[in-house]
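User: I have a structure to go through for class. Could you take me through it in plain sentences?

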Amino acid sequence: MSLNVILGGLELGFIYGIMALGLYISFRIMNVPDLTTEGSFTLGLAVSAVVANENHSWLGILLAFLAGFLQTKMRIHPILAGIISMCGLYSVNLMILGSPNVNIPKDSRVFTSVDNLFDNIGLDIFGRHNAKMILSFVAVVVCVLVVIWFFRTHFGLCLRATGNNEDMVRASSINVDVSKIVALMLANGLIALSGSFIAQYQGYADISSGNGILVVGLASVIIGEAIMGKRGVTLGLISAIVGSVIYRFIITWVINSGIFTAQVIRLITAIIVAVALSIPAFKYYIARFKIKHGGGRNA
């Protein structure tokens, strides 16, 4: 792969890594199968694009994060609540965009303003990837550091305890409902923030941009855990970023190899997730096979 391809993979890996952080919070820390991801991602993308067109690109990033905080859960099953939220957000996102897709002029993009700043101070490390590489890296580092700090606070520890043992936390007079809502707000806020950066990165927002993004995030989390293991929240959050970058390199290799077409990318992602989630079952069947055949020889 060329240097431009590698830098592009890193940039997208970092940006989608913010989304993977949000998924890690809901799926791993809180043990909640939150399906709102696709709607939240598109919500952040839509808000960022619309506000950027009013020449307030940085405000678009901020509003996209706050918009993701609108996700709340009432006393409905998590899967059903996620489906309902995702369904409703499709119409909300379409109303925000005003049309199925919205272009962002180059001069109104965050990355352009950062590029201009670097040009003024004479900073040139990554060439034409200067702003995208540096800004995406700084964004993901700030997000992961803030989230790690948050989950080490007293309230953050309460959220972690809620995900581990809800009944015990309720018995300790901690409001479980509040803990869940705050954690899911944070998770969807990060997902929306990732979507807002993607809109600025690609220069447009499309109503279908969030389709399949849940599987992409799961692939990132699972790949990261497969490489770095499950050894606590801090390492888990970092592994989600690592998994996002590796996943992006896998997809880049698949596209550049010429073996597969772009149409099968989501299928490959689904296969990666399915295989990774099936590893415990594979281990179980292998163990049973060894016990069965080993016992037969001993007899």
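Analyst: One definition comes at the start: helices (H or I, at least four residues) and strands (E, at least two) are DSSP runs, numbered from the N terminus. From the N terminus on, the order in the protein chain is α-α-α-α-β-α-α-α-α-α-β-α-α-α. That comes to twelve helices and two strands.

User: What kind of model is this, and how are the residues numbered?

Analyst: It is a predicted model, in which local features need pLDDT of at least 70, side-chain atom pairs count only at pLDDT 80 or more, and totals for chains, interfaces and linings use all residues. Residues are numbered from 1 along each chain as its sequence is written, and side-chain values use heavy atoms, with hydrogens and water left out.

User: How much of the protein chain is buried?

Analyst: Of the 299 residues in the protein chain, 48% are buried. Buried means under 20% relative accessible area, exposed means over 50%, and partly exposed is in between (1.4 Å probe, protein chains only). The protein chain exposes about 15,000 Å², and carbon and sulfur atoms supply 65% of that area. Accessible areas come from the Shrake-Rupley method with a 1.4 Å probe; for residues, only the protein chains shown count as cover.

User: And what share of the contacts join residues at least 24 apart?

Analyst: The share is 79%, among contacts in the protein chain between residues at least 6 apart in sequence. Contact means heavy atoms within 4.5 Å.

User: Let us turn to α7. Which of its residues are buried?

Analyst: The buried residues of α7 are Gly156, Cys158, Leu159, Ala161, Thr162 and Gly163. They pack against α1 (3-29), α6 (130-150), α8 (166-171) and α9.

User: Where is Thr162, and what is it in contact with?

Analyst: Thr162 is in helix α7, which covers residues 154-164. Thr162 has a relative accessible area of 4%, so it is buried. Leaving aside neighbours within four places in sequence, Thr162 is in contact with Met30, Val169, Val176, Ser179 and Lys180. A polar atom of its side chain lies 2.8 Å from the backbone oxygen of Cys158. Such a polar contact is a pair of N or O atoms within 3.5 Å; within protein, one must be able to donate a hydrogen and the other to accept it, and residues adjacent in sequence count only if both atoms are side-chain atoms. Thr162 and Ile29 are 133 residues apart in sequence, yet 8.6 Å apart in space, C-alpha to C-alpha.

User: What about Thr42: buried or exposed?

Analyst: Thr42 counts as buried because its relative accessibility is 3%. Thr42 is placed in helix α2 (residues 37-52), and its side chain reaches the backbone nitrogen of Gly210 at 3.3 Å. Not counting residues up to four places away in sequence, Thr42 touches Asn93, Asp206, Ile207, Ser209 and Gly210.

User: New topic. How many salt bridges are there?

Analyst: A search of the whole structure finds four salt bridges. A salt bridge is a side-chain nitrogen of Lys or Arg within 4 Å of a carboxyl oxygen of Asp or Glu.

User: With which residues does Glu166 form one?

Analyst: Glu166 forms a salt bridge with Arg170, with the closest N and O atoms 3.0 Å apart. Both residues lie in helix α8, four residues apart, about one turn of the helix. Glu166 also forms a salt bridge with Lys180, where the closest N and O atoms are 3.0 Å apart. Glu166 lies in helix α8 and Lys180 in helix α9, so the pair ties together parts that are 14 residues apart in sequence.

User: Which residue does Asp167 meet?

Analyst: The side chains of Asp167 and Arg170 meet in a salt bridge (3.6 Å, N to O). Salt bridges that share partners join Glu166, Asp167, Arg170 and Lys180 into one network. Asp167 is exposed at 58% relative accessibility, whereas Arg170 is partly exposed at 43%.

User: Finally, how far apart are the ends of α9?

Analyst: The end C-alpha atoms of helix α9 (residues 176-202) are 39 Å apart, which agrees with the 39 Å that its 27 residues should span at 1.5 Å a residue. The expected span is 1.5 Å times one less than the number of residues in the helix. Of those 27 residues, 20 are buried, so α9 is largely enclosed by the rest of the structure. Gly203 follows α9, and its phi is positive, near 85°.
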